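Me: I am new to this structure and would like to go through a few of its features by question and answer. Could you show it to me before we start?

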Amino acid sequence: MSAAAGESGGGNLVRATAAGRVRGTRRPDGTLVFLGIPYAQPPTRARRFGEPVPVEPWDDVRDATAYGPTPQRGDHGDTLIPEPSIPGDDTLSVNVFAPDSSGEAGTGARHPVLVYIHGGGFVQGSPASPWYDGGSFARAGIVVVTVSYRLGFDGFGLLPGAPTNRAVRDWIAALEWVRANVAVFGGNPDDVTIAGQSAGGGAVLTLLGMPDAQHLFHRVLSISAALTNVAPARAATATGRLAARLGIAPTREAFAGVDELTVLGAQQALESERHGSIIASVRSRLADGLTWGPVVDGELIPRPTLDALAAGVGADKPLVLGTTDDEFTMITDGVAGPLRLVPPALALAALGVGHAMRWRYIRDNRTQRRLGTAAFLGRYATDRIFRDTVPLVARARGGSSTWAYRFSWPSPTKRWALHCLDVPFWWDVLGADGVAKLAGPQPPQELADAMHGAAVSFVRTGGPGWPRWTPDERTTRMFGAAPSVPTVVADGYASVRALVG
């Protein structure tokens, strides 16, 4: 069946994937949308803690006009990005947003492809968010594929007798699906960019450092990466704690006998106990990192990502990465009063920062220090969790093609250039539900034009439009900075130098 075969009236159309035909929708702007296409069988019953299993072929045309079930369960409350939970078992799926290639079917349209992995700390998040609508990219001639994957313990828990890194294996299975099927949506399987934000940004860096994943993509866009490498011993300890909370043995058989929502409830309760107060939460996160995430298992992930990049893995892949200026500074706003009279040096000492590093960091962050100790601690948490990743990754890659950026536009409603605020600008979806809560009623379209344009340029040409980061120049693109700040600056991450050496 050709790329355009099976089109019907009423704005619907059909494409033939390797497993069977799917019916999507043609939007008024001409772009094509196919939602909830399974790339693996439901991870339930005997498959729950197993490898992703290829889907069984189907005979009839499968409806792909609504988002499929999500691995995220339940209502997670007021999250920064609206990410709905959708019930159902068929949770391992992809969503495709494509240019209208119907007129190009005879010439074999081969558009560049963007595959996106959502964030959520590896424990929540949903590909059904309106912020991940790929229509703007499709109108620019890019096929977008958004991916779901197993979360939390089901995705990352270390279990005897079960494969490690099940969520990572989901990412790979989804990329294999793209390689096998994206051509029928007008995409070029030999021109794939992987992208993600927060945990998703960490996910794509993890893939960049994995030798066995190199054939599946060609460039990487990592947004506010929460780069996570969990040691096997820590993963085993977390599994043991969760099993004890549930009153079961830490085995695959025992966990398989516990309802998924019960495991999730215990997982969330343990996280609440671990974090406690705001300051305790910051201290815990800085000391231990995320509980669930990619495990350095010596097999699928042979070594920590920075070590892999320094050894040259992924050196041929162009990379764009950066952060917002104050990813987590909002967290410490709630303790601004109690911290008002606490000197920054004393606050850093309480977090275990050594004397020399403490004073060097204070010197390099004088401007933030003037905003008060709460703001200063928030910036420190931001730097340790997110921003120091940029120079560390760039340095590990040496002379490989790497570009850095910073997002500095402050939210008119939340004060800071905070975590997730940049996402609707990258996607150019400023009118989507929930954007005004972070970006105000009139977010600057010119900023979205610049950021979305840079992403489109990178996906289409391999370059975002500003000079590369080099060991000497460390050039950084500034998005949304004050008019007095140049668009491109040298050493844009100088303020984290004390943390990276």
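This is a predicted model: local features need pLDDT of at least 70, side-chain atom pairs count only at pLDDT 80 or more; totals for chains, interfaces and linings use all residues.

Me: How many residues in the contact of H3 with H4 are nonpolar?

Reply: On the H3 side the contact is made by Trp171, Ile172 and Leu175, and on the H4 side by Ala203, Thr206 and Leu207. Sorted by class, these residues include no charged one and one polar one, and the number of nonpolar residues is five.

Me: How is helix H13 oriented to helix H14, roughly parallel or roughly antiparallel?

Reply: The axes of helix H13, residues 373–387, and helix H14, residues 389–397, come within 7 Å of each other and cross at roughly 30 degrees. Since angles under 35 degrees fall into this class, H13 and H14 are roughly parallel.

Me: How many charged residues does the contact of H13 with H14 have?

Reply: H13 brings Ile385, Phe386 and Arg387 to this contact, while H14 brings Thr389, Val390 and Pro391. By class there are four nonpolar residues and one polar residue, and the number of charged residues is one.

Me: What is the phi of Arg415, which is not a glycine?

Reply: Most residues other than glycine have a negative phi. Arg415 lies in the loop between strand E11 and helix H15, and its relative accessible area of 47% makes this residue partly exposed. Its phi is positive, at about 80 degrees.

Me: Where is Asp428, another residue with a positive phi, found?

Reply: Asp428 has a phi near 55 degrees although this residue is not a glycine, and with 22% relative accessibility Asp428 counts as partly exposed. Asp428 is found in the loop between H15 and helix H16.

Me: What distance does helix H17 reach from its first C-alpha to its last?

Reply: Helix H17 covers residues 445–461 and has 17 residues, with buried ones including Leu447, Met451, Ala455 and Phe458. Just after H17 comes Gly462, with a positive phi of about 90 degrees. At 1.5 Å a residue the expected reach of H17 is 24 Å, and the model comes close to that with 23 Å.

How values were computed. Residues are numbered from 1 along each chain as its sequence is written. Side-chain values use heavy atoms; hydrogens and water are left out. Contact means heavy atoms within 4.5 Å. Helices (H or I, at least four residues) and strands (E, at least two) are DSSP runs, numbered from the N terminus. Ala, Val, Leu, Ile, Met, Phe, Trp, Tyr, Cys and Pro count as nonpolar, Asp, Glu, Lys and Arg as charged, and the others, Gly among them, as polar. Axes are lines fitted to C-alpha atoms, for helices over the stretch in contact, and angles run from 0 to 180 degrees between N-to-C directions. Angles under 35 degrees count as roughly parallel, over 145 as roughly antiparallel, 65 to 115 as roughly perpendicular and the rest as oblique. Buried means under 20% relative accessible area, exposed over 50%, partly exposed in between (1.4 Å probe, protein chains only). The expected span of a helix is 1.5 Å times one less than its number of residues.
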